[in-house]
Amino acid sequence: MDFLQAILIAIVEGLTEYLPVSSTAHMIFTSSIFGIQENDFVKLYQTAIQLGAILAVVVLYAKKFFDFTKFNFYIKLAFAVLPALVLGYLFDDYIDAVLGNPIPIAIVLILGGFVLLFIDNYFKNPTITTEEDITIAKAVKIGFWQCLAMMPGTSRSAASIIGGMQQGLSREVAAEFSFFLAVPTMLAVTTYSIVLKKYGETEIPGYELLMQGNNLTLFLVGSLIAFLVSIVAIKFFIGMIKKYGFKIWGYYRILVGVALLIYFKFIQ
């Protein structure tokens, strides 16, 4: 992977991580078009640069994350992230196997698009309009919804937002709680991919893979770009859902999914 490819993948990550369109699918398709998806470092990179996207949420919502007087906020996030930690560890091998096949990912992208077309009409009367009103029980249920995103193409953001709306959260609150929940979730995934996960036939740890050649430089640059782009994307997304809801993202997913399905099935 060269610098231009690393930059483009980081831009894709920043643009799509917090949108309900599956950043994993977009990065896989981008790297597949470049012909580098099977590279072990690319697989690590696509996960590790989420660190930049994590920091974007922390910076934008700094008052929320660093208000230590409201300890209940941290407790809710801790309980909400538990399902993903447990199930993610158990199904890690399965997830890796699916990541290597873009066809089912494109299909899931399309199916998720049809769900988003109707989600606004299905949850019309929210009862929770502030994060403070989310109970620990509801946070845990949203955490289980988030686990649907273990199937690449689903979108962690879409799964947790739909879960939030199903629990009575307004569109804006569901989106913001999805952002908050992304921080411990992606921090855990990134830490696992760098510290514990092994890559390739030689089973080299992620941190050793980062130290090879210019990999560390690519990772740092990619994380910075993902951070900057994510800040813009988050602000854009909140404004869009307030005004238009989720239907526009449903059409986007369907169009992109069909295009990618055609590309990988008949053109590549």
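## Exercises on core packing and salt bridges

**Exercise 1.** Determine which residues are in contact with phenylalanine 179, leaving aside its neighbours within four places in sequence.

*Solution.* Phenylalanine 179 is in contact with Tyr18, Val57, Tyr61, Ile234, Phe237 and Ile238, once neighbours within four places in sequence are set aside. Contact here means heavy atoms within 4.5 Å. The model is predicted, so local features need pLDDT of at least 70 and side-chain atom pairs count only at pLDDT 80 or more, while totals for chains, interfaces and linings use all residues. Residues are numbered from 1 along each chain as its sequence is written, and side-chain values use heavy atoms, with hydrogens and water left out.

**Exercise 2.** Describe the largest nonpolar core and state which element gives the most residues to this core.

*Solution.* A nonpolar core is a set of buried Ala, Val, Leu, Ile, Met, Phe, Trp, Tyr and Cys residues joined through side-chain atoms within 4.5 Å. Buried means under 20% relative accessible area, exposed over 50%, and partly exposed in between (1.4 Å probe, protein chains only). Helices (H or I, at least four residues) and strands (E, at least two) are DSSP runs numbered from the N terminus.

Second, the largest core has 43 residues, of which Val57, Phe177, Phe179, Phe237, Phe246 and Trp249 touch the most other members. Third, the elements giving two or more residues to this core are H4 (50-60), H6 (71-90), H8 (102-122), H9 (136-146), H10 (156-166), H11 (171-196) and H13 (215-244). Helix H11 contributes the most, with 10 residues. Finally, a second, separate core of 21 residues includes Ala10, Ile36, Ile194 and Val229.

**Exercise 3.** Trace the network that salt bridges with shared partners form around Glu131 and Glu132.

*Solution.* A salt bridge is a side-chain nitrogen of Lys or Arg within 4 Å of a carboxyl oxygen of Asp or Glu. The whole structure contains five salt bridges.

1. Lysine 64 pairs with glutamate 131, their closest N and O atoms being 2.6 Å apart. Lysine 64 belongs to helix H5 (residues 62-65) and glutamate 131 to the loop between H8 and H9, 67 residues apart.
2. Glutamate 132 pairs with lysine 70, with closest N and O atoms 3.9 Å apart. This pair joins the loop between H8 and H9 to the loop between H5 and H6, 62 residues apart.
3. Glutamate 131 also forms a salt bridge with lysine 76, at 2.7 Å between the closest N and O atoms. Lysine 76 lies in helix H6, and the two residues are 55 residues apart.

As to burial, glutamate 131 and lysine 76 are both buried, whereas glutamate 132 is partly exposed at 42% relative accessibility and lysine 70 is partly exposed at 44%.

**Exercise 4.** Explain why the buried residues of H9 line one face of the helix.

*Solution.* Ala139, Ile142, Gly143 and Gln146 are buried in H9. Viewed down the axis of H9, the buried residues fall within an arc of 105°, so they line one face of the helix. The arc is that of the directions from the helix axis to the C-beta atoms. The cover over these buried residues includes H6, H10 and H11.

**Exercise 5.** State the phi value of serine 155 and locate this residue.

*Solution.* Serine 155 has a positive phi of about 90° although it is not a glycine. Serine 155 sits in the loop between H9 and H10 and counts as buried because its relative accessibility is 4%.
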